[in-house]
Amino acid sequence: MKNPLRYQMTEYDCGPTSMLNAVSYLFQREEIPPEIIRSIMLYCLDCFGEDGASGKRGTSCMAMMFLSSWINGFGQTGRLPISSQYLSGAGVNFSQNGPLRDALRRGGAAVVRLDLEGWHYVLLTQIRGDQVFLFDPYYQAEPFGDPALQMVADHPAEYNRIVPVRCMERAERDVYALGPAEGREAVILFNDKTVLTADKTVEYII
């Protein structure tokens, strides 16, 4: 059974929430060991706020890189068929032969950092042509001012936003933009039992 994806509980926990959502998206509830949940929460929320309070500036890129490495190692132990890859910089893009588009077309998922009135983590689950399907853990009731940014309510286990690739590829800081190349970051994750080979990718009817 697949769980519905979850929303963050505070202003700060988009990182761990998106990583937990990636695991929920890729695996059945009965397959997920509690150890991976504990470790995701343990390694995230490592940044201190201006008042010195732990976690009040969310999760650092360094923590996400470490967590990606831990998840990859955890998968190699055989307790969960999961693998992970950390990407940063100019390599985080939607080029036709790039690792991000390839992962989504092969049934994987990706947690990326983008702009939403500040740096923010979301889960990418699908790409169809020039549209990216993602789950944003920040709950929002009102539609966006830009009609190109679609809100979706009827796919709770897969996505709640549809965003054009052109919006995400923007180098400037704006809603759902990946931003400047030097600041880009993504964690790619696969269920090693269901991942498709490079010559067999997900096909959608557009």
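1. Leu123 stands opposite Phe135 in strand 4. Strand 3 and strand 4 are joined by five bridges and pair in the antiparallel sense. Two strands count as paired if DSSP finds at least two bridges between them; strands (E, at least two residues) and helices (H or I, at least four) are DSSP runs, numbered from the N terminus.

2. A word on the basis: this is a predicted model, in which local features need pLDDT of at least 70 and side-chain atom pairs count only at pLDDT 80 or more, while totals for chains, interfaces and linings use all residues. Residues are numbered from 1 along each chain as its sequence is written, and side-chain values use heavy atoms, with hydrogens and water left out.

3. Stepping back to the whole sheet, seven strands form an open arrangement in the order 1-7-2-3-4-6-5, with antiparallel pairing. Strand 1 (82-88) and strand 5 are the edge strands, each pairing on one side only.

4. Strand 6 deserves a look from both sides. Towards strand 4 (residues 131-135), the pairing is antiparallel over four bridges, and Phe133 has Ile162 as its bridge partner.

5. How many salt bridges does a search of the whole structure find? The search gives six, a salt bridge being a side-chain nitrogen of Lys or Arg within 4 Å of a carboxyl oxygen of Asp or Glu. Glu185 and Arg113 form one of them, with their closest N and O atoms 4.0 Å apart. This pair links distant parts of the chain, Glu185 in strand 7 (residues 185-191) and Arg113 in strand 2 (residues 109-115), 72 residues apart. Both Glu185 and Arg113 are buried.

6. Arg173 and Asp115 also form a salt bridge, with 2.8 Å between the closest N and O atoms. Arg173 sits in the loop between helix 5 (165-168) and strand 7, and Asp115 in strand 2, 58 residues apart. Arg173 is partly exposed at 43% relative accessible area, whereas Asp115 is buried at 7%. A further salt bridge joins the side chains of Arg170 and Asp174 (3.1 Å, N to O); Asp174 is partly exposed, at 33%.

7. Now the largest pocket, which holds about 610 Å³ of space. On a 1 Å grid over the protein atoms alone, a pocket is an open set of points with protein on both sides within 12 Å along at least five of seven lines, and lining residues have an atom within 4 Å of a point. Its volume is the space filled by probe spheres set on the points, the probe being 1.4 Å. The lining has 23 residues, with Leu116, Glu117, Gly118, Trp119 and His120 nearest the centre. Strand 3 (residues 119-128) gives the largest share, three residues.

8. The second largest pocket has a volume of about 170 Å³. Its lining residues include Lys2, Tyr25, Gly107 and Thr194.

How values were computed:
Buried < 20%, exposed > 50% of the residue type's maximum accessible area, 1.4 Å probe, protein only.
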